[in-house]
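Welcome! Take a moment to look over the sequence and the model, and then we can walk through some of its parts together.

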Amino acid sequence: MLNEEIKPRFSELDGLGHINNTTLPIWFEHARTPLFEIFNPNLELNNWNLILKKMDVEFVAQIFYGKNIVVKTWVEHIGNSSFVVQQQAWQQDKLVAKGSCVMIYFNYKDEKTETIPDNCRTQLEGLRRLNTDGE
């Protein structure tokens with residue numbers, strides 16, 4: 001499992017004084033960077049080979065400014081050309097949000113999906129977690 005610690009910024013607050021709900025997809029994407037590096041180690045945009053198919057976020061509790069967040073990320077399922085990523089945001093040892101996304105290995109030049117290469121599949125398998133309760 002990957003863990004990314006995030007320090008909420010003042011600009012991420014909403015009018016109610018907690019972290020705005022639009023912030024979580026950004027934090028989750030940031031925490032997926034090590035997955036992006038599996039496919040594109042230098043994160044070169046001209047060699048980008050992943051596309052986001054689907055993403056969802058479930059808000060479990062309010063998130064507050066001034067207390068760091070830990071985003072836990074793991075791979076739930078690996079298909080032929082896609083994989084499912086599960087993520088959870090924790091603040092002060094409390095689950096505050098969770099979500100998932102489907103990433104597809106994609107050839108932008110030919111505009112089509114491709115089979116995940118074996119070396120990438122092996123690395124994804126290393127981040128696979130069968131017990132996804134996260135607690």
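This is a predicted model: local features need pLDDT of at least 70, side-chain atom pairs count only at pLDDT 80 or more; totals for chains, interfaces and linings use all residues.

Strand E6 (residues 112-113) pairs with E5 in the antiparallel sense, over two bridges. In this pairing, Phe 106 stands opposite Thr 113 in E6. The hairpin of E5 and E6 has four residues between the strands, and Glu 111 there takes a positive phi near 50 degrees.

| Strand paired with E5 | Sense | Bridges |
|---|---|---|
| E2 | antiparallel | nine bridges |
| E4 | antiparallel | ten bridges |
| E6 | antiparallel | two bridges |

In the hairpin of E4 and E5, two residues lie between the strands, and Gln 92 takes a positive phi near 50 degrees.

The largest nonpolar core has 17 residues, and Leu 35, Phe 39, Phe 83, Ile 116 and Leu 124 have the most contacts inside it. Among the elements giving two or more residues to this core are helix H2 (33-39), strand E5 (94-107) and helix H3 (118-125). H2 gives the most, with four residues. Another core, of 13 residues, lies apart from this one and includes Ile 19 and Val 71.

Finally, visit Leu 43, in the loop between H2 and strand E2 (50-59). Beyond its sequence neighbours up to four places away, Leu 43 touches Thr 33, Phe 36, Glu 37 and Trp 48. Is Leu 43 buried or partly exposed? Leu 43 counts as partly exposed because its relative accessible area is 30%, which falls between the 20% and 50% limits.

Technical notes:
Residues are numbered from 1 along each chain as its sequence is written. Side-chain values use heavy atoms; hydrogens and water are left out. A nonpolar core is a set of buried Ala, Val, Leu, Ile, Met, Phe, Trp, Tyr and Cys residues joined through side-chain atoms within 4.5 Å. Buried means under 20% relative accessible area, exposed over 50%, partly exposed in between (1.4 Å probe, protein chains only). Contact means heavy atoms within 4.5 Å. Two strands pair if DSSP finds at least two bridges between them.
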